[in-house]
Amino acid sequence: MKQLQLMDKYPLNARTIAKNETHFKDTDEIIAFIKAKIDAHPVATYIATFNHYSHTKSLENGEMNPDFTAAKNIIFCFGVQLPKAEMLGIRPRSIGVVETEENFVVSFMDAPNPQAHQFMIAWVEAI
């Protein structure tokens, strides 16, 4: 897992997984795997899956890296407390999966809850 600052301000975790390093065949299988992890978690709640690829391709001025063959986000929440209204600005969580001919790139922003963050790392590492 690589940690980086995207655009000099977003704390991000990313892992590139060669297709020959995993048994998952496509983005949908990875999203289903992560959804199963969310569904099995005692607190996490699945919200939606967003097809970022089809959304961007459908826009008149949409730009997509030509190497991408799929791009989806699975959206979920670990929230067990809501002490401040501003907490909604950093929720819910999302894990993005981009597929190319040779790789999957799986990424997510740092979670404010260290335990939730560790779960997300473990889920991605299990791919």
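**Ground rules.** I'm working from a prediction, where local features need pLDDT of at least 70, side-chain atom pairs count only at pLDDT 80 or more, and totals for chains, interfaces and linings use all residues. Residues are numbered from 1 along each chain as its sequence is written, and side-chain values use heavy atoms, with hydrogens and water left out.

**Rings.** I searched the whole structure for aromatic pairs and got six. To pair, rings of Phe, Tyr and Trp (its six-membered ring) need centres within 6.5 Å; planes under 30 degrees apart are stacked, over 60 edge-to-face, the rest tilted. I looked up Phe76 and Phe78: their ring centres are 5.6 Å apart and the planes sit at 85°, so I logged the pair as edge-to-face. Both residues are buried (under 20% relative accessible area; exposed is over 50%, partly exposed in between; 1.4 Å probe, protein chains only). Phe76 and Phe78 also belong to one aromatic cluster with Phe119 and Trp123.

**His41.** Where does His41 lie? I found it in the loop between helix H1 (27-40) and strand E3 (45-51); helices (H or I, at least four residues) and strands (E, at least two) are DSSP runs, numbered from the N terminus. His41 is buried, at 12% relative accessible area. Leaving out residues up to four places away in sequence, His41 touches Phe78, Phe119 and Trp123 (contact is heavy atoms within 4.5 Å).

**Lysines.** I checked for charges over rings (NZ of Lys or CZ of Arg within 6 Å of the ring centre and within 35 degrees of the ring normal). Lys19 lies over the face of Phe104, 5.4 Å from the ring centre. Lys35 lies over the face of Tyr46, at 4.6 Å.
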